[in-house]
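Work through these exercises with the model open beside you. Try each task before you read its solution.

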Amino acid sequence: MSLLKNPCHPGEVLAELYLKPTRMSAIELARRLNVPRTRIERLIREETALSVDTAMRLAKFYGTSAEYWINLQRARDLAQARTALDLSEITPLSAARLGA
C-alpha cells in the first residue's frame with residue numbers, strides 16, 4: 001500500500017471540488033451549514049483542521065459521508081506527523097522481546 005506523501009488539506013478539496021464548480025462562496029456555505037463564516041474561511045485557507053462537526057455538516061449538505069471528510073483530515077495529519085516526529089528512540093515491542 002502506498003502512502004500519499006503530501007495529501008490535500010480538506011479545505012483545498014472543499015474549495016476546488018465543491019465550491020468553485022458551483023460558484024458558492026464560503027459565506028454562503030457557512031450560512032447553509034449553520035456555522036460561523038470564519039469556520040469555513042479558515043478551513044479553506046488551511047488555517048484550521050476539519051472538525052467532526054464540520055465533517056458531518058458537509059456530508060449532509062453534499063450527500064457524501066462524514067468518513068470521506070474525516071479521512072481527508074486523517075491522511076493530512078498522519079503525513080505531517082510522519083515528517084515532524086522523531087520516533088528513533090522508541091524500540092518496537094517485538095524487537096525488545098528478542099533482546100535487540
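**Exercise 1. A salt bridge inside a helix**

This is a predicted model. Find how far apart Glu28 and Arg32 are in helix H2, and what that spacing means along the helix.

*Solution.* 
- Step 1. Glu28 and Arg32 lie four residues apart in helix H2, so about one helical turn separates them.
- Step 2. Check the side chains. Those of Glu28 and Arg32 form a salt bridge, at 2.6 Å from N to O. The cut-off is 4 Å.
- Step 3. Look at accessibility. Arg32 has 46% relative accessibility and is partly exposed. Glu28 is partly exposed too, at 23%.

**Exercise 2. Another helix**

Is Glu41 buried or exposed?

*Solution.* 
- Step 1. Glu41 has 16% relative accessibility, so Glu41 counts as buried. The cut-off for buried is under 20%.
- Step 2. Arg37 is partly exposed, at 44%.

**Exercise 3. The buried side of H2**

Which residues of H2 are buried, and where do they lie around the axis?

*Solution.* 
- Step 1. The buried residues in H2 are Ala26, Leu29, Ala30 and Leu33.
- Step 2. These residues span an arc of only 100 degrees around the axis, so they sit on the same side of H2.
- Step 3. Their cover includes helix H1 (10-22), helix H3 (37-44) and H4.

**Exercise 4. Two helices crossing**

At what angle do the axes of H2 and H4 cross?

*Solution.* 
- Step 1. The axes of H2 (residues 26-33) and H4 (residues 52-62) come within 10 Å and cross at roughly 95 degrees.
- Step 2. H2 is therefore roughly perpendicular to H4.
- Step 3. H2 brings Leu29, Arg32 and Leu33 to the contact, and H4 brings Arg57, Leu58, Phe61 and Tyr62.
- Step 4. Sort these residues: five are nonpolar, none polar and two charged.

Conventions. Residues numbered from 1 in each chain as written. Predicted model: local features only at pLDDT ≥ 70, side-chain atom pairs only at ≥ 80, totals over all residues. Heavy atoms only, no water. Axes fitted to C-alpha atoms, helices over the stretch in contact; angles between N-to-C directions. Parallel < 35°, antiparallel > 145°, perpendicular 65-115°, else oblique. Contact = heavy atoms within 4.5 Å. Nonpolar A, V, L, I, M, F, W, Y, C, P; charged D, E, K, R; others polar. Buried < 20%, exposed > 50% of the residue type's maximum accessible area, 1.4 Å probe, protein only. Arc of directions from axis to C-beta. Salt bridge = Lys/Arg side-chain N within 4 Å of Asp/Glu carboxyl O.
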